[in-house]
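Please read it with the sequence and the coordinates at hand.

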Amino acid sequence: MNPNNSKNNKLFNRNAVLSMLALNAPISRIELANRTGLSKMSLTNIINEFSELGYIKEAGIDLSCTGKKKPRLLELNDGCVCAIGINITRSHLEGCVCDIKGNIITCQNLDFKDDLSGELLIEYITDMISNLIENSNVPITGIGISCIGPLDLKKGRLLNPTNFYNISNLDLVIPVKTKFNLPVYLRRNNDCAILAEKFYGIARGINNVVFLGVSGGVGASAIINDKLIVGANGLSCEIGHTTIDINGEKCKCGNRGCLELYANTDKVVNSVKHLFTDEKMTFKKVVLSAQEGNTDCKEALDKFAEYVSVAITNLVKIYDPMLVVLGNTVTSGGTDLLRTIKTKVSQNCDFSNIEYSGFKENAPLMGASAAVFDHKFFRNAK
C-alpha cells in the first residue's frame, strides 16, 4: 500500500468521525460505525485518540435501543476544535471564535469610520484576530473570512464592491495567512450564511436550500444536491444585480433596474424617515411603526415585500429548493412581514416553505467559521 494513501485514509476516517460527532451527536459507537462504514477496530482507535486529546465525552445511554444492554452515547466537548470567523460588512467588522459544534466562545465588533481604507481594513482584521486568539485561549484550526462581494476566491481578493469606501482589488487572504500561519478561507457572506444554516441552523438535513440575504443590499446562495453552488468564478447567485426593470434606475454596478435598488431595507427607511424626528431611524423602527398603525410605513413595507417575493420566486424557479431561508436585516420584519412575503410568493408560484434565519443577522459570521470546518472536516461526512 502507498504510505501516502494510508495516511490520507486515516485522516479521512478521523475527519469523518469528528464530523459525525459534531453534527449528529449524541451518537452511539454502533451508529458511528454504520454511518462511516468503519470497522470496529478503526473506530475504536479514533475514539481512543479523541479521548486522549480531550475531545470526547460520554453523554448517557441510548434509551431508544431495544435489549438489556443499551449503547452509550458520545459527544464532543465544547471548545475542543475551534476556528475564527471574520465578517466584513459595509458598515462594520465582526469576529468570533466558534467551536465545531456551532458554539460561539467569544465575539468582537468594530464600526467603520469615514476614513476606512484597504490598509486600515487589513489592520483592523489582523488586530481583531489577535484579540480573539488571546481572549479565547483555545487552539485555532483555521480562519474563515466572510465578505461582501464581488470576490476573487482563487486569489483571495476583494474586488470592487459598491458603496464601500472606494476600496478595490484588496488582498485579504495573503496578509492574514502570513501573519498567523493558519489556513485562511475567503467566502461570500451569503455563502457563509447558508453554511451556517446547513450545519447548525434550520436547513440541517436539507440537501436543496436557498439563502436570500436582504439588508442594504441583496444577495443569495444555494446548496443543491448537498453542494454549494459557487460558479466558475465564485460569482454565482448575484441576484441583487439581476434586472427587474429594463428601464429602471441606473445601478452603481453599471446595470439598470437591479433588484437590489428596490428590495433593500435602506430604501424602506429612506422612504419614510422624513416623517420622523428620530435621526437614527432603522428598519426595525419602520416595522414597529407599521405595527402601531402608521399607513406610510405599512405601504413601504408592502412594496418592499413585493420585491422580496419577486426575488424568492425567481430563485425558486431557478433552483427548485425545498426551503428558502431569509436572512440579514429583513429578519427584524417580524411575522407580519414574513406572512406578507409568503402570500405574495404564493401568488406567483406554488411554494410556501420560506423561513427567517434563526441566526438573524449573525448567519454570515457563524458561517465564516463553518467554512473552515467545511473545508477541513465536514466534506468527509457527506
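Predicted model: local features only at pLDDT ≥ 70, side-chain atom pairs only at ≥ 80, totals over all residues.

With β5 (residues 92-99), β4 instead runs antiparallel, and 7 bridges join the two; here isoleucine 88 stands opposite leucine 93 in β5, and a hairpin of 3 residues joins β4 to β5.

How many of the residues of β4 are buried? The count is 7 of 7. In a regular strand the side chains alternate between the two faces of the sheet. For β4 both faces are covered, with Cys82, Ile84, Ile86 and Ile88 buried on one side and Ala83, Gly85 and Asn87 buried on the other. Confidence in the chain is highest in β4 (residues 82-88), at a mean pLDDT of 98, and lowest in helix α1 (residues 3-24), at 83. Over the protein chain the average pLDDT is 91, and 95% of the residues score at least 70.

Strand β15 (residues 323-327) is likewise described as mostly covered, with 5 of its 5 residues buried. Leu323, Val325 and Gly327 lie on one side of β15, Val324 and Leu326 lie on the other, and both faces are covered. Strand β12 (residues 209-214) pairs with β15 in the parallel sense over 5 bridges, and within that pairing valine 325 is the bridge partner of phenylalanine 211. Strand β16 (residues 354-356) also runs parallel to β15, joined to it by 3 bridges, and isoleucine 354 of β16 stands opposite valine 324.

| Strand pair | Sense | Bridges |
|---|---|---|
| β4 and β5 | antiparallel | 7 bridges |
| β12 and β15 | parallel | 5 bridges |
| β15 and β16 | parallel | 3 bridges |
| β2 and β3 | antiparallel | 4 bridges |

Between β2 and β3 (residues 72-76), isoleucine 61 stands opposite arginine 72.

In soluble globular proteins, nonpolar side chains tend to be buried together. The largest nonpolar core of this model has 48 residues, and those with the most contacts inside it are Leu21, Leu32, Ile100, Tyr200 and Phe378. Helix α11 (residues 363-376) gives the most to this core, with 7 residues. Apart from it lies another core, of 41 residues, among them Met281, Ala290, Ala311 and Leu326. When its neighbours within four places in sequence are left aside, leucine 32 is in contact with Val17, Met20, Leu21, Ile27, Gly37, Leu43, Ile47 and Leu74.

The largest pocket holds about 1,200 Å³ of space. Of the 49 residues that line this pocket, Arg90, Ile148, Ser215, Gly216 and Gly217 are the closest to its centre. Which helix gives the largest share of the lining? That helix is α7, with 5 residues. At least two lining residues are supplied by each of β4, β5, α6 (189-200), β13 (218-224), α7 (265-272) and α8 (283-291).

Some backbone angles also deserve a check. Most residues other than glycine have a negative phi, and most peptide bonds are trans. The peptide bond from alanine 25 to proline 26 is cis, with omega near 0 degrees, and proline 26 lies in the loop between α1 and β1. A cis bond also leads from glycine 149 to proline 150, with omega near 5 degrees, and proline 150 has its place in the loop between β7 and β8 (151-152). Positive phi values are found at asparagine 163, near 55 degrees, and at asparagine 166, near 60 degrees. Asparagine 163 is found in the loop between β9 (157-158) and β10 (170-171), and asparagine 166 lies in the loop between β9 and β10 as well. Is asparagine 166 buried or exposed? Because its relative accessible area is 79%, above the 50% cut-off, asparagine 166 counts as exposed.

Methods. Residues numbered from 1 in each chain as written. Heavy atoms only, no water. Pairing = 2+ DSSP bridges. Core = buried A, V, L, I, M, F, W, Y, C linked by side-chain atoms within 4.5 Å. Buried < 20%, exposed > 50% of the residue type's maximum accessible area, 1.4 Å probe, protein only. Contact = heavy atoms within 4.5 Å. pLDDT = per-residue confidence, 0-100. 1 Å grid on protein atoms, 1.4 Å probe; cavity = no way out; pocket = protein on both sides within 12 Å on 5 of 7 lines; lining within 4 Å. Points joined across faces, edges and corners; volume = space filled by probe spheres on them.
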